[in-house]
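Reader: I'd like to learn how to read a few features off a model. Can you walk me through some, general idea first and then the case at hand?

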Amino acid sequence: KHAFTPTHFESHVVSINDKTLNAVRERYRRYHKKYSPFFMLTIAEGAAVTPKLEEMYFQLHVKDAGGLFRSRESYTKQADTARGGEAFYVVATHRESGVIVGMLLVSLYKNAAYDGSVAVDPDFASQYVSHLLKWRVIEELQKRKVPTYELGQKADPSSSTKKELGITHFKEGWSRDRTRSIWKIEKLF
């Protein structure tokens with residue numbers, strides 16, 4: 001009647017419990033064992049999300065993305081969610097150099113966690129920093145007893161780019177093919 005169209009997509013979901021890390025893709029467990037000694041992985045939230053850390057994330061994200069593709073203000077708004085207790089960052093610091101080489105923002109809402117924004121220094125990507133960040137998130141969610149961790153939309157093989165399919169493959173290593181349908185209503189003008 002009002003020209004709204006119902007549609008949906010599948011979202012990767014990680015069920016958080018004491019066995020979650022034993023269930024992730026075996027290769028990811030090997031990466032964690034091999035590369036985690038080279039990095040310190042910490043949680044930053046509240047007062048720990050300083051203007052300096054916010055700026056570091058901004059610069060890291062621009063380097064990772066290959067340019068500035070959204071407003072600087074959007075990074076401040078993200079940091080504000082972590083300052084306000086609605087999110088936290090996982091921060092990967094290279095032990096030898098002391099340089100922050102990766103950060104992942106995870107939002108919290110109604111006893112569930114949601115992947116937000118991530119940035120990894122391309123110079124350290126070969127050391128599987130993304131995997132280490134995700135591993136540390138799961139450890140933190142176990143500690144907080146948050147039972148659900150959503151990783152985002154699953155790519156459609158018939159219409160997705162090679163990059164989107166690669167991201168879905170990465171997420172499936174954590175979710176182990178668990179998804180849930182997210183319904184939405186669209187209206188085209």
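Author: Let's start with Glu140, which sits in helix H5, residues 129-144. Helices (H or I, at least four residues) and strands (E, at least two) are DSSP runs, numbered from the N terminus. A word on the source: this is a predicted model, where local features need pLDDT of at least 70, side-chain atom pairs count only at pLDDT 80 or more, and totals for chains, interfaces and linings use all residues. Residues are numbered from 1 along each chain as its sequence is written, and side-chain values use heavy atoms, with hydrogens and water left out.

Reader: Is Glu140 buried or exposed?

Author: Buried means under 20% relative accessible area, exposed over 50%, and partly exposed in between (1.4 Å probe, protein chains only). Glu140 counts as buried because its relative accessibility is 3%. Contact means heavy atoms within 4.5 Å. Apart from neighbours within four places in sequence, Glu140 touches Ile43 and Phe88.

Reader: Which strands does E1 pair with?

Author: Two strands pair if DSSP finds at least two bridges between them. E1 (residues 5-15) runs antiparallel to E7 (residues 179-186), with eight bridges. Within that pairing, Thr7 has Lys184 in E7 as its bridge partner. E1 also pairs with E6 (residues 148-153), again in the antiparallel sense, over five bridges. Here Val14 stands opposite Tyr149 in E6.

Reader: What is Lys184 in contact with?

Author: Leaving out neighbours within four places in sequence, Lys184 contacts Thr5, Pro6, Thr7 and Phe9. Lys184 has 37% relative accessibility, so this residue counts as partly exposed. From Lys184 to His94 you have 90 residues in sequence and 41 Å in space, C-alpha to C-alpha.

Reader: And packed helices: at what angle do H3 and H4 pack?

Author: Two packed helices are described by the angle between their axes and the distance between the axes. Axes are lines fitted to C-alpha atoms, for helices over the stretch in contact, and angles run from 0 to 180 degrees between N-to-C directions. H3 (residues 51-65) and H4 (residues 72-83) pack at about 130°, their axes 10 Å apart. That makes H3 oblique to H4; angles under 35 degrees count as roughly parallel, over 145 as roughly antiparallel, 65 to 115 as roughly perpendicular and the rest as oblique.

Reader: Which residues meet there?

Author: On the H3 side, Pro51, Glu54, Glu55, Tyr57, Phe58 and His61 meet Arg72, Tyr75, Thr76, Gln78, Ala79 and Arg83 in H4.
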